[in-house]
Amino acid sequence: MAVITFANTKGGAGKTTAALLLTTELLHRNYRVCVIDADPQRWFSKWYEGAALMPRLSVETYVSAPTIQKIVHERRSQWDFVIVDLPGLQSPLLASAVGLSDHVIVPIQGSSMDAQGGAQVLDLLRYLDRKAGIRIPHSVVLSRVNPAITTRSMQAVKRLLSAQDIRVFDTPIAERAAFREMFDMHRPLRKLDNAPTAGGEKAILNARAFADEVLSHVDIGKAAAPAYAARRDLQALETAA
Ligand SMILES: Nc1ncnc2c1ncn2[C@@H]1O[C@H](COP(=O)(O)OP(=O)(O)OP(=O)(O)O)[C@@H](O)[C@H]1O
Ligand SMILES: [Mg+2]
């Protein structure tokens with residue numbers, strides 16, 4: 001139905017965490033999800049390999065630039081959601097994956113210094129729109145935000161992005177121990193044993209609100225055959241990158 005890509009050329013921005021939160025929330029809502037792990041570090045795949053079997057989840061691993069187009073095309077028709085987790089560096093995969101997406105989510109850490117990797121992705125999206133007429137819906141999610149305080153630098157990043165007409169999710173992803181524990185324990189957020197003590201209830205509310213917002217921005221109905229897909233020339237995308 002819909003292909004959603006998490007992209008930021010900076011490492012550690014929170015892509016895999018956000019991708020896992022969205023995936024497990026979608027599974028919780030009975031959607032069938034295929035994750036394309038396009039990061040050679042395989043963080044998502046490692047989580048999956050240690051987790052209990054989840055019948056509505058499939059994870060494609062070792063996906064690279066030459067194979068991503070075919071895999072995404074095939075999986076799009078077979079699964080409710082295809083979620084692409086990109087590596088935290090510049091790679092030819094970025095343009096291919098972005099070009100195949102119905103929505104690109106750019107997690108940016110809530111401090112201006114960290115906005116640079118996100119800016120590279122946003123520049124690419126802007127370039128494709130202006131030079132090639134390829135408009136790919138996208139949003140920024142502020143990640144790893146201190147839940148106790150709304151920091152000044154986070155507000156500054158938000159203002160900067162809004163001034164450039166870049167949509168910023170109302171729901172930031174907070175910095176929470178429970179989000180780290182998902183990886184340590186190889187479990188979905190809602191299956192963490194000690195969830196309440198690790199701020200788990202708030203973490204679940206956060207994940208739910210994030211997924212709600214993603215679903216409200218991604219046009220699931222139309223995504224089966226995006227109107228702009230036919231106009232996409234992947235070679236042009238790769239050249240642009
Ligand atoms: N919201 C969060 N709360 C707590 N820890 C977080 C959060 N987001 C990310 N982290 C931690 O920060 C580290 C990097 O996060 P993550 O792997 O999600 O980033 P990434 O953008 O996918 O990185 P890479 O570019 O290396 O793939 C991980 O150790 C992760 O557990
Ligand atoms: Mg990652």
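Predicted model: local features only at pLDDT ≥ 70, side-chain atom pairs only at ≥ 80, totals over all residues.

Author: Start with asparagine 146. Asparagine 146 has 12 other C-beta atoms within 10 Å, so it is exposed.

Where does asparagine 146 sit? Its place is the loop between β6 and α6 (152-163). Glycine 110 is 36 residues away from asparagine 146 in sequence. In space, their C-alpha atoms are 8.5 Å apart.

Now look at another residue of that loop. Arginine 144 is also found between β6 and α6. Is arginine 144 buried or exposed? It has 22 other C-beta atoms within 10 Å, so arginine 144 is buried. The cut-off for buried is 20 or more. The backbone of arginine 144 deserves a look too. Its phi is positive, about 55°, although arginine 144 is not a glycine.

Tyrosine 62 belongs to the loop between β3 and α3 (65-78). It has 10 C-beta neighbours inside 10 Å, so tyrosine 62 counts as exposed.

From the loops, go on to the sheet. Six strands form an open sheet with parallel pairing. Their order is β3-β2-β4-β1-β5-β6. β3 and β6 (138-143) stand at the edges. Each has a single partner strand, so one side of each lacks a neighbour in the sheet. On average, neighbouring strands are turned by 20° against each other, direction ignored. What holds such strands together? Strands of a sheet pair through backbone hydrogen bonds, either parallel or antiparallel.

Take strand β2 (residues 33-37) next. Five of its five residues are buried. Side chains in a regular strand alternate between the two faces of the sheet. In β2, Val33, Val35 and Asp37 lie on one side, with Cys34 and Ile36 on the other. Both faces are covered, as these residues are all buried.

β2 pairs with β3 (residues 57-60) in the parallel sense, over four bridges. Within the pairing, valine 35 has valine 59 of β3 as its bridge partner. Valine 33 is bridged to leucine 57 of β3.

β2 also runs parallel to strand β4 (residues 81-85), and five bridges join them. Here valine 33 turns up again: its bridge partner in β4 is phenylalanine 81.

β4 pairs with strand β1 (residues 2-6) as well, in the parallel sense and over five bridges. Opposite isoleucine 4 stands isoleucine 83 in β4. Isoleucine 83 has 28 other C-beta atoms within 10 Å, so it is buried. Isoleucine 83 and leucine 22 are 61 residues apart in sequence, but their C-alpha atoms are 8.7 Å apart in space.

Leucine 22 takes us to helix α1, where it is one of the buried residues. How long should α1 (residues 15-28) be? At 1.5 Å a residue, its 14 residues should span 20 Å. The end C-alpha atoms are 20 Å apart, which agrees. Of these 14 residues, 12 are buried, so the rest of the structure largely encloses α1. Among the buried ones are Lys15, Thr16, Thr17 and Glu25. Just after α1 comes asparagine 30, with a positive phi of about 70°.

The last stop is ligand 1. Which of the 21 residues around it come nearest? They are Gly11, Lys15, Thr16, Thr17 and Gly88. The elements that give two or more residues to this shell are α1 and α7 (177-185). By type, the shell divides into seven nonpolar, eight polar and six charged residues.

Methods
Residues numbered from 1 in each chain as written. Chains lettered and ligands numbered in written order. Expected span 1.5 Å × (residues − 1). Near = placed C-beta within 6 Å. Nonpolar A, V, L, I, M, F, W, Y, C, P; charged D, E, K, R; others polar. Pairing = 2+ DSSP bridges. Axes fitted to C-alpha atoms, helices over the stretch in contact; angles between N-to-C directions.
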